[in-house]
Every structure is written in structure tokens, then in C-alpha cells.
Amino acid sequence: MKEINVFNYDGSGFPAKIKKIMKNEKDCNMNYYSYSDLNKKFSKKADVILFEEEDSFISSSGSFNKLISSYDQMPPVIVIISNKEIINIVRWMRKGTSDCLWIGDINKDILNNSIKDSIEFTESKKRKIKKDKKITAQNILSRKVINIPETTNWNSLKDNNYYDYCLVMIEAEIDKTAIGRYSTEAIEKIYQKVKSESESLSTHFGGKNWFWTNNSGVQIFYFGDRVDCAVLSAITFFVRFFIFCIEKIGLEEVLNLRIGVHDGNGIYQHTKTSQITSDIINSLNHLTFQYTKNNTLTITKDVYDKLSNNLKLYFKKSGLFEGRDIYSYHFYDAK
Amino acid sequence: MGITRLKRLITEELSKAFDTNKIGQFTNSLIGYIDLYKLTGYPPNTSIPRKEAAKQVVEHIYKINKIAPLLNYFIYVAQTGFRGESVKFTNMKSVICEMKECGYQYDRELNKVVLVEKNTKRSDWGFLEDGGSYNFCFISIDISKNSRLVRKYDNSLIQKTYINFKDLVTKAVESRKGRIWNWEGDGGLLAFHVKDFVNLALLSAVDILSSMPIFNSLSNYLSEDIYIRIALNAGKATYKKDTVTINSDAISKVKELEKKHTSLMSITVSQSTFSHIDINLRKYFTAKNVNSENIYQLKFPVGGVH
């Protein structure tokens, strides 16, 4: 059963005409309203609307606007015009109506065909929108193939030259409550193992340990998809730290861990790394030691913006750093 | 050929080291009392030659499929003696060589002789007996929303991705002496039995879960990430060669725990199993009451003392 709402201007003979045309149409339920009904809140659903023009588009557009504002999802609208001028018809079509029928022509066949075509036209538009959305969503989430470099030639970078690179700063620390259980020598050995693990992992993703002091250090990524590689290395180190501490090095607890990731331009040195000073390293230092809580992995906006879409999903906005957003690793929102 | 020679070597060693009486005592210790007269066919009150006694005993043990326990006990006796007396098996080296030829191996970690197959991890660890009841720790693992994924993606993409996922699981499980007993494409039942099997099962589960970000980035051919659920429960089950048909209360419970009480990307452990988890690891779990029983959840990332 098709619900057809008919809107006419006050005092119009249009309802009588439509009733006569549609009296034998058993699959159409006709509902009649006037323009003044649009002054109240109107919420009657419809499959099709017949809207009678009063003189012209210009004189009827106010009422027509009230009509369309009362529907969340506008059904197809067939405008019954009394003004056959082309410009009038064009104005109605620009308003998104599905058809314009001249009141003088209107009969059962013309009206039924128009109703049928208008419904079909609107349905096909909806299907196209849905399809386009699906494709777009797929495009957003389509998995980019991350270029992890198979070989890296760090000698191709020259000392004291500036390069775009991505840095990962790692700090591991024995919790205060556990520190009494370890000798100085044991602590040193633990941190040495953390450093080795960092080197092994970063190398796997095309990076390397750049400099390391006691319990913290920096990995550098320059080759391939450097940002994706750096973040993947950081995520891997972060989520597998439990297994590393408990199983690989046989501790009784997991060390505290902080990781910061930042991307930018800075000076490069092969050796004498303790003498390197640059804005990117300073920023990374602040990010990791002042803006990253224990057991958190934080990345800057510079990193986030360059991440592939599927890796972005792991991060949530967590604050501001140097006036810009920072993002923290978020494994999964268990629901 | 190999097994015949192995039986002959063991027979020779037993008959050289023991008299008939001691052969009977050796057999009692291994498989329980056996009437040597009945076994050998010698009339009662006659002397059974030691070589004949040894031969029939070894043959009987082979028929009841207890060669691995025989080898275990043989090595044990060689190392520790028999009934307070030291025992010298003169041709031990040949027995060990022949044992290997027949597919048996002394596993130093398990401290027992196990049957091994090249390139395969046996579901019985090389020594479980069909019909025997044992304690295990079971893991139920499942890919979430598999039916939706299967409808949405081309079969070849699903196959490639799921094969990669199974490889990840296999590596995490078998490196910790676990076994995949049942695999249904998108998940299955894993079993752990040897050594500290509950904690090994837990570490396998953590390994799998913590590998998911890398798996999703590099080995997942679908355009969306895969999410999983993992549950652990320890208990008894009767071992059968066809491991797909093995069932027990402990197995039913772990499946129910995984399907009904485990959030995505987390590990759930039953109350009874939790008490077997290393005390130092328990602090990383959160208790949740379900049907008046506590279950324990491990969510990621795990770490730090809070």
C-alpha cells in the first residue's frame, strides 16, 4: 500500500480532482492536507508527496520549504504546476522534486506513471549513495602495503647533514616497589637486554638503535615507509614487552615502559651521538618524559598524520603537546 | 626390521643382567604382575630359561603397546639400579641407537622416552596412551565475526589470512610444547600437558594476542583487522588418537568461557585454573563474577604495577 500525501493551497479544488482520478486505485492510500497544516509540526510519513503549486514557484516556495523541513528523509515530491513556464519548472527541479506535472494534463495514467517513476528514481538514488559510502569506507580502510626495507645502508647518510627521519624513544624502568630485589649488576644486565631487544626489533623494521644510555634510548627510522615502520616497531615492542620481561628474561614482573614517537627533520651523526642536539630530539625527549605516562605509547601529530589508515585505528587523541594533538596507543576497546 | 632388532637387543640385555626371577620382578614393576609360566608356556615348578623369559616378556610388552614405557624403565634402571642393586647393561649404546632408528627419542626436558615423527609434533607428545586419562590445560581460541568476514571477502583472501593466523598460533603453541588438537579454520582447541603446562598455556595465549597488531599489519589480507578471543581452562580428558573426538567437562567449559564470557582481544581464565597461574602473574588479571564463580581476565597492554 502506497501512502500518498497531497498538499494543496487553501481553498483549492485540487483535492476533489485527485480524489476523482485516484478513486479506483486500491493500492494507494491518499491523505489530504493544506498549506496551513504545515504551520504545525507535521510528521505524517509518505511514499510520495503531491504538492500543488499556488500560481508559481515563487509564491509556493515558502510552504514547500516548510514541507521539506518537516521530513528527516524526504520522500519523492511530484509538483502539480499551474505555471508552465520553463524557468518555473527549472526552479522546481532545482529544489530536488522528482517530477512536474501540469494540472491541465493530469489524468490517471500520467499520475500513476509519475508516482511509479518517482519512487523508482528515489530508490535508485538511495542505492547509489549506499554503494558509494561502502566503496568510500573500503577505501578509507583499505590496507596499505607497508614498505619495510629489506636492506638499509646507513652509510649513505652523511654526518652533519639534515634528513627527515622518525624517532622512537624508549624508557624502561624497574618499579620502585621491586628495586630492592635486584643488585646493581642485575639491573645493568636487565637494561642491557632491553637495549638488545630494542636493537633487534628496530632492525627488523628497517631502523636501528641510534643512541642508548642505561635504561633509555632512541631508535631511528629513515628508509622505506619510515613512519609506519617506526610505529610498527614501537607497537611490537610495547605489546610484546610482557612476554619479553616474564618469559625471555625471566623477571617476576613487567618493567614500567614509556615510548614516544616523533617525526621530523634533524641532523644526523653516525657516531658522537651524545653530542647531537636538535629540535626533534628535544621535542621527543619532552614528549616521552613529560607527556607520556607509565605503560603508554604516545605519538605526535606529525607521526599520526603520516600513518597508514589501519595503524591510525590503534591511536586515540590523548592531549596536547606544544600546542598540537598527541595520540596514545589503545589496544582495543573491549565491548 | 628396526623394531625386531630393538626387541632382540633388549631381550639380550635383560637376560644378561637378570635371572628369571628378577626378570619377573622387572616386569611387575613396569606393567604389574604377570604369570611367567602362563606367558612362556612352561609347566609350573620348572625352570624357565632366562633368555626365554626375557624374550616372551619383551614380546608381550610390544603387543600391548608399551615399548616406550619399557624403554623409559630400561634407561631408568640403567641409571639408578634395580631394587637397591646397580645394573650394568653392556650394550646400552646399541639399544639407544636402535631406539632412535625406530623413532624413539630420549627427551631430556621431559626426562622420558617419546615417539617422534619427523616434521610433525605428535598430538600425544609421543607417549600418551589411547584411552588414558590425563590432566591438561586447554585453550579455546576464536576469530570474532567469522561468518561476516566470510560473506564479505573473497574466499582466497580469507584462506590466505586464516592460514597465516594458524601459522602464528602453531608457532606460539608448539614452541611451548602445546598441541593443536582441533582446528576449524577460524579457531580451535589447543592442549598443553607437559612441564608447567598451565603457565605455558598462558604464555602461549599472551604471545598470540600480542602478535595480533603485527599480524593485522603484515599478514592479514583483509581490509579490516581481525579480532580474537582466548579462554583457558585446566582439567582432565581421556586421550584418543583422533583428537577431534576428544571431549570432557574441562573442554566444554573452556569453549563456553570463550564464547560467552570473553571480551574481544582478551584472555579469560577459569577460577580453578587461576590458582595454578604463577603467583607473580596473577596481579595482571581482573576478577569478574559470572554465575557465582570468579573468572579472571587479562587485557592488553599488560604491564606495570598499578
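Colleague: Two strands are said to pair if DSSP finds at least two bridges between them. On that basis, in what order do the seven strands of the open sheet in chain B stand?

Modeller: Please note that this is a predicted model. The pairing within this open sheet of chain B is mixed. The edge positions belong to strand S4 (178-183) and strand S8 (286-290) of chain B, each of which pairs on one side only. From one strand to the next, the twist averages 30°. Read across the sheet, the seven strands of chain B have the order S4-S5-S3-S6-S7-S9-S8.

Colleague: Which residue of S9(B) is the bridge partner of B:Ala287?

Modeller: S8(B) and strand S9 (residues 293-299) of chain B run antiparallel and are joined by five bridges. In S9(B), the bridge partner of B:Ala287 is B:Tyr296.

Colleague: What angle does helix H10 of chain B make with S6(B)?

Modeller: Helix H8 (residues 155-174) of chain B packs on the sheet, touching strands S3, S4, S5 and S6 of chain B, and its direction makes about 145° with that of S4(B). Helix H10 (residues 249-261) of chain B lies across S3, S5, S6, S7, S8 and S9 of chain B. The angle between H10 of chain B and S6(B) is about 165°.

Colleague: Why is one side of strand S2 and of strand S5 of chain A left without a neighbour in the sheet?

Modeller: The open sheet of chain A has five strands with parallel pairing, in the order S2-S1-S3-S4-S5. Strand S2 (28-34) and strand S5 (99-102) of chain A stand at its edges, so one side of each has no neighbour in the sheet; the reason is that each has a single partner strand.

Colleague: Which residue in S5(A) is the bridge partner of A:Ile80?

Modeller: Strand S4 (residues 77-81) of chain A runs parallel to S5(A), and four bridges join the two. The bridge partner of A:Ile80 in S5(A) is A:Leu101.

Colleague: Which helix of chain A packs on the sheet and touches S1, S2, S3 and S4 of chain A?

Modeller: The helix in question has a direction that makes about 175° with that of S2(A). Its residues are 14-22, and its name is helix H1 of chain A.

Colleague: Turning to the interface, how large is the area buried between chain B and chain A?

Modeller: In contact are 35 residues of chain B and 31 residues of chain A. Carbon and sulfur atoms give 63% of the buried area. That area is about 2900 Å².

Colleague: Which helix of chain B gives the largest share of the side that touches chain A?

Modeller: Across the interface of chain B and chain A there are six residue pairs in polar contact. The largest share of the side of chain B that touches chain A is twelve residues, and these come from helix H9 (residues 197-218) of chain B. By class, that side of chain B has 17 nonpolar, eleven polar and seven charged residues. The helix asked for is H9 of chain B.

Colleague: How far apart are the closest N and O atoms of the salt bridge between B:Arg176 and A:Glu247?

Modeller: The whole structure has 24 salt bridges over all chains, and two are found across the interface of chain B and chain A. This pair crosses between chains, from B:Arg176 in the loop between H8 and S4 of chain B to A:Glu247 in helix H7 (residues 241-248) of chain A. The cut-off for a salt bridge is 4 Å. The closest N and O atoms of B:Arg176 and A:Glu247 are apart by 2.6 Å.

Colleague: Where is B:Met265, a residue with a positive phi, found?

Modeller: Most residues other than glycine have a negative phi. A:Asn214, in the loop between strand S7 (207-213) and strand S8 (216-221) of chain A, has a positive phi near 55°. B:Met265 has a positive phi of about 55° although it is not a glycine. B:Met265 is found in the loop between H10 and S7 of chain B.

Technical notes:
Residues numbered from 1 in each chain as written. Chains lettered and ligands numbered in written order. Predicted model: local features only at pLDDT ≥ 70, side-chain atom pairs only at ≥ 80, totals over all residues. Heavy atoms only, no water. Contact = heavy atoms within 4.5 Å. Buried area = accessible area lost by both parts, 1.4 Å probe. Salt bridge = Lys/Arg side-chain N within 4 Å of Asp/Glu carboxyl O. Polar contact = N/O pair within 3.5 Å; in protein donor to acceptor, adjacent residues only side chain to side chain. Nonpolar A, V, L, I, M, F, W, Y, C, P; charged D, E, K, R; others polar. Axes fitted to C-alpha atoms, helices over the stretch in contact; angles between N-to-C directions.
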